[in-house]
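Please look at the sequence and the structure first.

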Amino acid sequence: METLSENTLAVIEKYLHLPLGIGCQTPYFNNRRKRVRGGLRALVGKGTPEEISEEAEILSVKDRVSIKNMSEKTLKEFLVDENLGIDCSGFAYHILDAEAQARIGKKLRNIVKTYKGFERKIIHKFRPAENTGVSTFSNEKNSIEIDIENTRPADFISIIGTGIDRKYNHMLIVENVEKTATSIKIIYIHSYAWPEDGAYGHGVRRGEINLKSGQNILDGIWTEKEKTGKNNFTFFSVQNAQSVSLRRLRAF
Amino acid sequence: MAQFSSAQISAVSHIIGFGLLGLVLALIITPFISKLLYHFKIWRRDTYDPTLGIEGRKGKVNTPIMGGLIVVLTITVLTFFFNWDRQFTWVPIGGMLISAVLGGFDDIFSIFVKKRRTRSFRQTLVLVKVHKNIFVRLGYALTLPWAFFRDAASTFGSKRGIGVHAYEKLLLQLIAGGVTAWWIYTKLGETWKEIHIPFDGFLNIGVWIIPVIILIVIFTANAVNISDGMDGLAGGMLIPTFSALTFLSAIFGYQELAILNAVTTGALVTYTFFNVKPAKFQMGDVGSLALGTLLAINALAINSMLILPFIAFMFYVEAISVIIQVGGRVLFGTRVFKMAPLHHHFEMLGWSEEKTIMRFWVIHLAFVLIGVWIGLH
């Protein structure tokens with residue numbers, strides 16, 4: 001069984017169990033609605049677990065509440081109410097950044113480039129996590145499409161044009177791959193919000209795709225939160241996307 | 001060893017006497033000011049001050065502010081009756097009072113006036129695009145630079161919409177700075193048009209000295225304002241600063257300014273006595289902005305611009321910590337300090353308020369002494 005580096009797994013573990021009070025799953029937060037500009041990256045869904053935790057502690061001081069006394073559920077609700085969390089590409093950025101440093105000794109900002117113009121390139125230099133979205137990761141100059149048979153940890157599944165009006169992009173990071181002669185099991189991790197999650201049930205979580213050899217990714221059995229098929233909103237998003245591809249960063 | 005002449009001793013005695021007079025007058029008016037503040041409930045509200053959530057600061061809720069009135073009134077009264085000199089004290093007092101009025105309004109508005117909203121640059125831009133009347137759209141377009149200035153100024157504000165807006169403060173401070181620059185450049189004489197470089201000589205930068213003076217007045221006023229965040233912090237640091245200015249003014253032969261600085265020092269001693277933890281009242285913007293402006297003007301008036309970073313060291317450090325924090329947030333999206341200004345960072349790290357204040361006092365005193373030594377060259 002292939003797996004990600006220890007450092008990367010440690011980062012994933014921190015997102016799954018924030019180093020804050022009793023700990024909780026990092027919620028999903030997308031800056032689309034709030035449209036915060038020039039703010040801390042922990043407040044726009046692009047922070048590291050440490051930044052999110054630090055910001056939560058500071059906000060708890062301002063709000064005069066004690067994080068130490070909060071249960072896991074209350075803590076998660078506090079984070080959501082304070083707009084603290086991580087979005088899909090922010091999560092992917094920090095995971096792939098840890099993996100890039102472990103594998104090739106370079107930071108992700110130096111290997112993933114933006115192709116949106118001079119102004120964006122300058123902004124990308126200062127705020128790489130906030131300016132590396134799914135489309136940037138999926139750009140041919142940053143990543144290549146690969147076959148399922150060649151899947152490795154740190155590959156990612158790019159989902160372009162899903163959701164209402166097909167304007168939404170998403171990505172899943174391949175965490176583990178188990179291959180046999182006749183089957184492939186891909187364990188992925190991402191930050192997502194299903195409609196049924198409600199206000200507080202979303203966040204970073206794992207899922208798995210079970211495929212037989214030769215099958216297309218859409219033909220596999222997608223399981224997440226013990227749900228499959230149409231009940232699995234991630235699979236539903238994949239099915240309704242304009243394009244879905246399994247990709248690997250060129251630097252990997 | 002050279003002995004001081006009786007005239008010199010008399011002058012020093014005169015200056016110290018005014019310092020003591022300032023101390024005594026401040027002591028006399030303190031009960032009246034204090035009663036006034038408690039009577040009208042002019043105290044800090046926890047609705048707009050998030051730092052009151054920090055452990056050790058929770059007891060500051062309902063501590064009166066605007067205690068700086070004691071110092072401002074003492075300085076004004078004594079200067080008006082005993083030291084009212086057109087050449088040297090009108091403008092410092094004028095500048096101080098402009099800033100005091102600004103700070104006073106900020107304190108009062110923070111407590112009694114509802115949050116005031118202004119149209120942001122982005123909102124103005126939308127109106128330029130969508131308003132049905134073309135002339136109204138044109139009007140909004142013309143106000144875009146003003147809206148941009150308001151938004152840019154608010155980046156450094158800490159109480160968005162509460163009290164006097166950041167851009168309003170900046171404008172009034174520009175006036176105070178402008179008056180100071182006009183006074184120094186046109187009224188004091190040719191010597192003041194050149195910047196004294198310690199150990200070297202003088203540097204003439206022509207009319208560029210005007211914006212430099214304005215910038216120094218604004219920066220110093222806000223630096224002292226930013227530093228006024230703990231019991232006794234700003235007051236305790238202003239005492240050695242104004243003492244240094246008293247000494248340098250006397251040495252350079254500016255008797256009127258020496259007296260003004262001595263009175264300020266005396267009043268600050270009284271104020272700080274009541275301001276150390278647990279504070280009976282806090283300075284408020286009325287005092288911190290006023291004293292910051294006075295500090296800058298008095299230093300500029302004795303041509304000691306370049307030693308200001310030393311005699312106002314910790315104030316400048318606090319102000320720069322805010323700039324760094326804002327810069328880190330906007331440019332990199334990260335916090336450099338746990339909280340700005342710097343004294344809150346140490347509080348968040350677990351330092352007690354007393355430890356933070358004492359350390360800041362000591363470091364500041366050391367740099368004031370360095371500044372005085374440099375200033376004598």
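The model is predicted, so local features need pLDDT of at least 70 and side-chain atom pairs count only at pLDDT 80 or more, while totals for chains, interfaces and linings use all residues. Residues are numbered from 1 along each chain as its sequence is written, and chains are lettered from A and ligands numbered from 1 in the order in which they are written.

**Chain B overall**

Chain B contains 15 helices and two strands; helices (H or I, at least four residues) and strands (E, at least two) are DSSP runs numbered from the N terminus. Its radius of gyration is 21 Å, close to the 21 Å that the globule rule gives for 377 residues, so chain B is as compact as a globular protein of that length. The radius is taken over C-alpha atoms, and the rule is 2.2 Å times the number of residues to the power 0.38. Along the principal axes, the C-alpha atoms of chain B fill a box of roughly 80 × 50 × 40 Å.

Of the 377 residues of chain B, 47% count as buried. A residue is buried if 20 or more other C-beta atoms lie within 10 Å of its own, exposed if 12 or fewer, and partly exposed in between, with C-beta atoms placed from the backbone. Among contacts in chain B between residues at least 6 apart in sequence, 77% join residues at least 24 apart. Two residues are in contact if their C-beta atoms, placed from the backbone, lie within 7 Å.

**Helix packing in chain B**

Helix H3 (residues 90–112) of chain B packs against helix H7 (residues 166–187) of chain B at an angle of about 180°, and their axes are 10 Å apart. Axes are lines fitted to C-alpha atoms, for helices over the stretch in contact, and angles run from 0 to 180 degrees between N-to-C directions. H3(B) and H7(B) are therefore roughly antiparallel to each other. Angles under 35 degrees count as roughly parallel, over 145 as roughly antiparallel, 65 to 115 as roughly perpendicular and the rest as oblique. On the side of H3(B), the contact residues include Gly94(B), Gly95(B) and Ile98(B), and on the side of H7(B) they include Leu172(B), Ala176(B) and Trp183(B). By class, this contact of H3(B) with H7(B) has eight nonpolar, five polar and one charged residues. Ala, Val, Leu, Ile, Met, Phe, Trp, Tyr, Cys and Pro count as nonpolar, Asp, Glu, Lys and Arg as charged, and the others, Gly among them, as polar.

H2(B) and H11(B) pack at about 50°, with axes 8 Å apart, and that makes H2(B) oblique to H11(B). Here Leu69(B), Val71(B) and Val72(B) of H2(B) meet Val286(B), Gly287(B), Ala290(B) and Leu291(B) of H11(B). The contact of H2(B) with H11(B) has six nonpolar, one polar and no charged residues.

**Backbone exceptions**

| Peptide bond | Omega |
|---|---|
| Lys277(B) to Pro278(B) | near -5° |
| Ala340(B) to Pro341(B) | about 0° |

Pro278(B) lies in the loop between helix H10 (255–275) and helix H11 (284–301) of chain B. Pro341(B) is in the loop between helix H13 (313–332) and helix H14 (342–348) of chain B.

Met66(B) is not a glycine, yet has a positive phi of about 70°. Its place is in the loop between helix H1 (6–39) and helix H2 (69–82) of chain B. Is Met66(B) buried or exposed? With 27 C-beta neighbours inside 10 Å, Met66(B) counts as buried.

In chain A, Arg64(A) also has a positive phi, of about 60°, although it is not a glycine. Arg64(A) belongs to the loop between H2 and helix H3 (72–81) of chain A. Arg64(A) is exposed, with 12 other C-beta atoms within 10 Å.

**Strands of chain A**

Strand S3 (residues 156–162) and strand S4 (residues 168–179) of chain A pair in the antiparallel sense over five bridges; two strands pair if DSSP finds at least two bridges between them. Ile159(A) stands opposite His170(A) in S4(A). The hairpin of S3(A) and S4(A) has five residues between the strands, and Gly163(A) takes a positive phi near 75° there.

S4(A) also pairs with strand S5 (residues 183–192) of chain A, in the antiparallel sense over six bridges. Glu178(A) stands opposite Lys185(A) in S5(A). S4(A) and S5(A) form a hairpin with three residues between them.

**Contact between the chains**

The contact takes 14 residues from chain A and twelve residues from chain B. Helix H2 (residues 49–63) of chain A gives the most to the side of chain A that touches chain B, with six residues. By class, that side of chain A has four nonpolar, two polar and eight charged residues.
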